[in-house]
Amino acid sequence: MYRSEIDFSTRCDLAARQKKVTSKEKGRTEWSAYRRSVKSKAVVDALRKMNGQRQRCVYCCDSRSADVDHFTPIAVDFSRTFSWNNFILVCPECNRKKSARFPVDTEGRPLVINPTLEDPWNFLVLDTKNGYLAARFLEEEFDLKGDITIEVISCVNHEAVVEGRRRVISRYYEAVESLLEHDSPASVVAKLMREVREDEYGVGEWFARREGREEPLFQELRNRFPMIWRRFVREVCRS
């Protein structure tokens, strides 16, 4: 996810408000007042642009994003209450699950994936048989950041989210199977590209650039139709 910039007047407004914050209690009070004011619209609008057309939660990708989450919670570091780089637009359920939970490692670095700075697939894997996300297994143990992220934001594996992810996976399989069965794949390639554009869970990234590309269907697609494969990867990167 690319973090966009906000205009100069909004940055100045946030900086002025931050100066008033001298404690976490004050941070919560000031933030609550700000969110009720029309001034917050500039921040929310900028965050909505980052979330794309469908406005999905950046954590679970399932529900509509409506809450501004402080990636570093106010309770942990009130000096970031009005920091633009600390804002993420998420769904109320993920916001509630995360709340003030913010595990860090022995050097104080976050152990929750920050989707505005990190690619979640570096820490997570997708089980395409059932739609669940899991932490990557690194040599002898699971990736700590992936493991803790799933524990803190457990909504990513909520039953409804997993079912939605599973439906998208099935549609990808159907699109590729249909494409491989036709002698003139150009007539059905549009279906695969449509699936990429309508992929609300980011599953295409798994098939285009991660381990999913080695699944037999996608291997065959890559080998038989390299031009279509490259178009598929480009479409995923743009989505």
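User: How much space lies in the second largest pocket?
Analyst: In this predicted model, the second largest pocket holds about 270 Å³ of space.

User: Which residues lie nearest its centre?
Analyst: The second largest pocket has 13 lining residues, and those nearest its centre are Trp31, His70, Pro73, Ile74 and Ser99.

User: And which elements give two or more residues to that lining?
Analyst: These are α2 (24-36) and β1 (67-70). The largest share comes from α2, which provides four residues.

User: Turning to the largest pocket, what is its volume?
Analyst: The volume of the largest pocket is about 1,300 Å³. It is lined by 42 residues, and Met1, Cys61, Tyr201, Gly202 and Ser239 are the closest to its centre.

User: Which elements each supply at least two residues there?
Analyst: For the lining of the largest pocket, they are α3 (40-51), β3 (124-126), α5 (144-152), α6 (159-181), α7 (189-197), α8 (203-209) and α10 (226-238).

User: Which one gives the most?
Analyst: That is α8, with four residues in the lining of the largest pocket.

User: How many residues of that lining are nonpolar, polar and charged?
Analyst: The lining of the largest pocket comprises 24 nonpolar, eight polar and ten charged residues.

How values were computed. Residues are numbered from 1 along each chain as its sequence is written. This is a predicted model: local features need pLDDT of at least 70, side-chain atom pairs count only at pLDDT 80 or more; totals for chains, interfaces and linings use all residues. Side-chain values use heavy atoms; hydrogens and water are left out. On a 1 Å grid over the protein atoms alone, a cavity is a set of points where a 1.4 Å probe fits but cannot get out, and a pocket is an open set with protein on both sides within 12 Å along at least five of seven lines; lining residues have an atom within 4 Å of a point. Grid points are joined across faces, edges and corners, and a volume is the space filled by probe spheres set on the points. Ala, Val, Leu, Ile, Met, Phe, Trp, Tyr, Cys and Pro count as nonpolar, Asp, Glu, Lys and Arg as charged, and the others, Gly among them, as polar.
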